[in-house]
Amino acid sequence: MKKLVIVESPTKARTIKKFLGNDYIVESCMGHVRDLPQSAKDIPEEYKKQAWSKLGVNVDNGFDPLYCIPKGKGKIINELKKLLKGADELILATDEDREGESISWHLLELLKPKVPVKRMVFHEITKSAIKKALNDFRDIDDDLVRAQESRRVLDRLMGYTISPLLWKKVAFGLSAGRVQSVAVKILSDKEKERLKFLSVNYWGAEGSFKAKGSEFKAVLSSLDKKDLAVSKDFGQSAELLNKDKLHLKEKPAKDFLQKFSKKTWTVKSLEKKPTTRKPPAPFITSTLQQAASGKLKISIKEVMMAAQKLYERGFITYMRTDSTFLSDQAIKASRNSVQENFGKKYLSSAPLKYDSKKVKGAQEAHEAIRPAGDKFANPDESGLRALSLELYRLIWARTLASQMSESKHQQVKMILESDNAEMTCRGYTTEFMGFLKAYSDDSSNSDVYLPELKKGEELKCLDLITVCTETKPPQRYSEASLVKLMEKEGVGRPSTYASIISTIIYRGYVKKVGSALVPTLTALVVAKVFDEHFPKYVDLKFTSQMENSLDEIAQGKLVWKDYLASVYLGKQGLRDVVAAKEESIDPKSSRSIKIDKFPNYEFKVGRYGAYICTQKKGEEICASLTDDFLPGSTNVEYLENLIHIKINGADSVGKDPETGQPLYILSGRYGPYVQLGEADEEAGVKPKRVSIPATLDPENLSFDKVLYLSKLPLTLGIDKESKKNIVKHIGRFGPYVVLDGDFRSIPKTEDFFEFSLEKAKALLAQPKKGRGAKILKSLGKYEDIEVELYDGRYGPYLKWNKHNVSLGDSYTQDNITLDIAVGLIQDKVASSPQKKKKVTKKKASKKKSTKKKASSVVAKPKVVVRKKVIIKKKSDSDKK
């Protein structure tokens, strides 16, 4: 008989399978197998009339959740049940955190096994770790299950109670969330600071000097015995905060330049200060997110996806952890790797251990994120590629750095004087690299060398220039800095940060501009609603306390149902607070916001998007704003122009020589566009409109280019083989050419107006590329369709027809063949949703009643009656 081992993902299953014998069947449940209903159609008929059914939680009777099997998971559960029938033991090997514990519990509820059940946990997927776990089973931790369930229910109650209010009072489709709304408020508060900020110019001077063969620079730091003011000395309203500082203006700065350009300077003082830097602790989830996002220029979501793959393939330990603890095995492996790669002199004098108590909810049972095993794989010999290799190298380097010696540096500060002025120059040198040999963070300074000078030495200034600097508003949050703040304040948990950031971007609350998270007008409006009516639910301390309560449930110190009742029920509970506000909130006021920077305008959010309103001659005039409008990036001139066009209509840029119709450059909800002719709503006449690509500046378009755009789509020529037209046009995703349904984006490096028939043919002749992927080679044809190998961000993969297929762990670009590729493609096609859908549909056409009945059995949700699951520990006889 066999033993059935269930894990969450196919990759994890393949890795574990390598370490187990033929007596084990390792299968994936593909993540969560049950969840709260996602829509009204998921709710069983017997519960739809209940007032609480839309929440998916019975708030009137003990907060019992209404669990459903998500679409597509019914077949997986049935397959697991079949496998379980042929097994004499069930081993639940899901992740060791709350999510993993919850998945195991739900599997038990659905599978209802009649064979012995064992809970297996491990922190890394290596041979030794798996073997150890097989001899150290434990019970399902009911407290962890309750904590996960409480979090899920709490998130549902917050979201489903406040979101409908936002639909009524602001705009349909908006969402609120326990942590999501706090993140929106944090970003909105920062944007409000920026909008209130008044910049100011201050002047200074910079001199170039040369001594003993070395050139260096110094900046003017004092004049007339007063230190010069710099950015930090000015406030939000451009006021000078420190009255003892000198705010140097343009004329005095230029007077200084004229007076001192040929003066001799003397070394007034020279101060040397030795410093050391301690090595950093190994990564926890939040610090990995921050470091990888900054260094690798990727999103937090991409960081966690790549880390998940590294863990499941056995390269790193579990990536969701809040502990900096390293086991003795890990410390030994780290120190051995340091000695092998950098030499003994870079090792710390004794093993270093890091305190996790500063991190809320940290558990010593979990380790930091580190390379897996008792011997760390060298990144260059790991066989990893692309992003996986970059991330693994970062984790490897940080872990080694945590056991290395301090770095030693010397700071030098030299002050030069001449008459009533002083200039300061600073030097920084590294005396010993220490841990920086392996890992350097963003705070690492580059060396700046200063020549060895003595007090009283005279120097000639080679060049003296004035410098004007403008104060900058507070910097917007990036994903990394937002994570840092949220962790510091105890808002959410690192394992949820990726999904939170993805959600607020997807929901239209935030747009990414470079690395900055920029709140939209919708975000500012919704943040105002929370500030005025629900301040408690976006308060950092309140949200942090909720996380602490969830941690207490996980530790068995707090009864989960009692806690949920305290949050949701009663006069101060969420349900009654929202119900009361539904009567008092004025929709007209809640949909608008005033911004101090633009006092004559009111910004509003409506059913069809954002718009502005202002008073002109006693009449309110409103104009639509584009979907990509950002309050913090606009100006008065832009707003005035929108109102001007609304009142007077757009000024025509000329007439089409062929039709005599006027041509306009306009801006709509989806961005700027060219319009040919006039709109006549009464007659139902819609003029021709063509989007202006983001690479073109609408304000600087010549008439010839506007006319050219109005003629789109353009036929460039005819393809000789297919006898079909090759057409050039602009679509939702930018400029493109198309031949018989084969669309190709015109590269941004190309001039759209000069993109000729020859270039279009060359572009269409190239193999169609995946996003950001590079084709490596073609392996041949399968069913008359080319099988191509690509090098993607996450490593090599196959592309056939509409399917992308990973090579997995066993194959590389060197050993993959057409036969192997076809096998992988067939597996992919057989398991794809499209294939399953077709098969199901085919069966349904023959036996409709059978299909319907089977569906109701698999997907029917039910209220779960809570009961503690007890799994017996492995006895000594079992171990033998």
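**Entry: surface charge.** I began with a patch of positive charge on the surface, where Lys75, Lys81, Lys82, Lys85 and Lys112 gather. I kept in mind that this is a predicted model. I then looked up Lys112 by itself and found this residue in the loop between helix H4 (98-111) and strand S6 (117-119). Lys112 counts as exposed because its relative accessibility is 53%, the cut-off for exposed being over 50%.

**Entry: the whole protein.** I noted 26 helices and 32 strands, and that 48% of the 880 residues count as buried. The C-alpha atoms fill a box of roughly 95 × 85 × 70 Å along the principal axes. The protein exposes about 46,400 Å², of which carbon and sulfur atoms supply 50%. I also noted 157 positive and 115 negative side chains, the centres of the two sets lying 4 Å apart.

**Entry: salt bridges around Asp551.** Which side chains does Asp551 meet in a salt bridge? One of them is Arg98, with an N to O distance of 2.6 Å. Asp551 lies in helix H16 (residues 540-554) and Arg98 in helix H4, so this pair ties together parts that are 453 residues apart in sequence. Asp551 counts as buried at 7% relative accessibility, and Arg98 also counts as buried, at 16%. Asp551 also meets Arg493 in a salt bridge, at 2.5 Å from N to O. That pair again links distant parts of the chain, with Asp551 in helix H16 and Arg493, 58 residues apart from it, in the loop between helix H13 (479-489) and helix H14 (494-506). I noted that both Asp551 and Arg493 are buried.

**Entry: other charged pairs.** Lys711 forms a salt bridge with Asp656, the closest N and O atoms being 3.1 Å apart. The two sit in loops 55 residues apart, Lys711 between helix H21 (703-710) and strand S24 (714-718), and Asp656 between strand S20 (654-655) and strand S21 (662-668). Here I found Lys711 partly exposed at 26% relative accessibility, whereas Asp656 is buried, with a relative accessible area of 2%. I also listed a network of salt bridges that links Arg151, Asp155, Arg178 and Glu547.

**Entry: Gln258.** Lastly I looked up Gln258, which lies in helix H8 (residues 250-260) and is exposed, with a relative accessible area of 66%. The C-alpha atoms of Gln258 and Ile465 are separated by 9.9 Å, although these residues are 207 apart along the chain.

How values were computed:
Residues are numbered from 1 along each chain as its sequence is written. This is a predicted model: local features need pLDDT of at least 70, side-chain atom pairs count only at pLDDT 80 or more; totals for chains, interfaces and linings use all residues. Side-chain values use heavy atoms; hydrogens and water are left out. Patches are made of residues with over 30% relative accessible area and no salt bridge: like charges are joined within 9 Å, nonpolar side chains (Val, Leu, Ile, Met, Phe, Trp, Tyr) within 5 Å. Accessible areas come from the Shrake-Rupley method with a 1.4 Å probe; for residues, only the protein chains shown count as cover. A salt bridge is a side-chain nitrogen of Lys or Arg within 4 Å of a carboxyl oxygen of Asp or Glu. Lys and Arg count as positive and Asp and Glu as negative; His and the chain ends are not counted. The place of a charge is taken as NZ of Lys, CZ of Arg, CG of Asp or CD of Glu. Helices (H or I, at least four residues) and strands (E, at least two) are DSSP runs, numbered from the N terminus. Buried means under 20% relative accessible area, exposed over 50%, partly exposed in between (1.4 Å probe, protein chains only).
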